[in-house]
Amino acid sequence: NDLNNKIGVIYAEGEISDVDNGQISPKSHSKLIRKLKEDENIKAVVLRVNSPGGSALASDMIWHELEQLKKVKPLIVSMGDVAASGGYYISCNADKIFASNSTITGSIGVFGLFFKMEDLLKNKLKLHFDEINTNDFSNFGNVNRLFNNEEKEMLGALIDQTYDTFLKRVSDGRSKDKKEVHEIAQGRIWSGEDAKKEGLIDEIGTLNDAINYAVKIVNLDTYQVVEYPKKKDFFQILMEEFQT
């Protein structure tokens, strides 16, 4: 039945977060991705990304779900104003990537940030702490002291490993050599126009262009577009506020 032919559009807008009720979270978006993957009426999926990134772990979890979906049906990305860092991470394995000329994308890079509050806690607030540690690194990331050299090396190695994974995701998704990706990575951002020249996206186009492309490659004459996540009404939002 042609009426059952659907193109699924998943909106990924905002920060990518480890928090379950975040704007883009592994829990909510992975569930949506699996739902559309398993729905036989959904013939192709367009992921609309408008995100500056966020958690590397959360981005990788969403990437894995999208990779599984892509094995079953076409996955097309449409970039909004920004699809950078984690926003690019979750986009890079699509079959086709559309962006506007002014889209900010790329920012293929990783950083770690920890706050040291020793001066504030001890000298300003006059707070002092006694600690009992069960091993050498049990208080790793403690805000009331500086990192020691060994901890700095551990953090540096973790950042390097995460960056290397990012490079591999882009390398595999865009069919580029990893060294070539590194040359255009290192945290730099690109306009959509420049990103196309560098091979980070495929086409300059709108969300409608991405949907039309999806329709074309699955050869549909009649179809309907279904959007996720479904917009919540006022009552749903109010109930969720009381539950948090």
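1. In this predicted model, the backbone oxygen of Gly 14 lies 2.7 Å from a polar atom of the Ser 51 side chain. A polar atom of that side chain also lies 3.0 Å from the backbone nitrogen of Gly 53.

2. Ser 51 belongs to strand 2, residues 42-51. Its relative accessible area is 0%, so Ser 51 is buried, the limit being under 20%. Leaving aside residues up to four places away in sequence, Ser 51 touches Ala 12, Gly 14, Glu 15, Ile 16, Ile 24, Val 82, Ala 83, Ala 84 and Gly 87.

3. At the start of helix 2, a side-chain oxygen of Ser 55 comes to within 3.3 Å of the backbone nitrogen of Leu 57. The helix has 15 residues, which at 1.5 Å a residue should span 21 Å; the C-alpha atoms at its ends are 21 Å apart, in agreement with that value.

4. Which residues of helix 2 are buried? They are Ala 58, Ser 59, Asp 60, Ile 62, Trp 63, Glu 65, Leu 66 and Leu 69. As background, an α-helix has 3.6 residues a turn, so residues three or four places apart point the same way.

5. The second largest pocket has a volume of about 260 Å³. Helix 2 (56-70), helix 3 (86-89) and helix 5 (149-174) are the elements that each give two or more residues to its lining. The lining comprises 13 residues, and those nearest the pocket centre are Gly 54, Ala 56, Ser 85, Gly 109 and Val 110. By class, 8 lining residues are polar and 5 nonpolar, with no charged residues.

6. Most residues other than glycine have a negative phi, and most peptide bonds are trans. Gln 186, in the loop between helix 6 (178-184) and strand 6 (189-191), has a positive phi, near 55°. Its relative accessibility is 47%, so Gln 186 counts as partly exposed.

7. Asn 219 also has a positive phi, near 60°. Asn 219 sits in the loop between helix 8 (207-217) and strand 8. Is Asn 219 buried or exposed? Its relative accessibility is 65%, so Asn 219 counts as exposed, the limit being over 50%.

8. The peptide bond from Tyr 228 to Pro 229 is cis, with omega near -5°. Pro 229 lies in the loop that runs between strand 8 (224-228) and helix 9 (234-243).

Conventions: Residues are numbered from 1 along each chain as its sequence is written. This is a predicted model: local features need pLDDT of at least 70, side-chain atom pairs count only at pLDDT 80 or more; totals for chains, interfaces and linings use all residues. Side-chain values use heavy atoms; hydrogens and water are left out. On a 1 Å grid over the protein atoms alone, a cavity is a set of points where a 1.4 Å probe fits but cannot get out, and a pocket is an open set with protein on both sides within 12 Å along at least five of seven lines; lining residues have an atom within 4 Å of a point. Grid points are joined across faces, edges and corners, and a volume is the space filled by probe spheres set on the points. Helices (H or I, at least four residues) and strands (E, at least two) are DSSP runs, numbered from the N terminus. Ala, Val, Leu, Ile, Met, Phe, Trp, Tyr, Cys and Pro count as nonpolar, Asp, Glu, Lys and Arg as charged, and the others, Gly among them, as polar. Buried means under 20% relative accessible area, exposed over 50%, partly exposed in between (1.4 Å probe, protein chains only). The expected span of a helix is 1.5 Å times one less than its number of residues. A polar contact is a pair of N or O atoms within 3.5 Å; within protein, one must be able to donate a hydrogen and the other to accept it, and residues adjacent in sequence count only if both atoms are side-chain atoms. Contact means heavy atoms within 4.5 Å.
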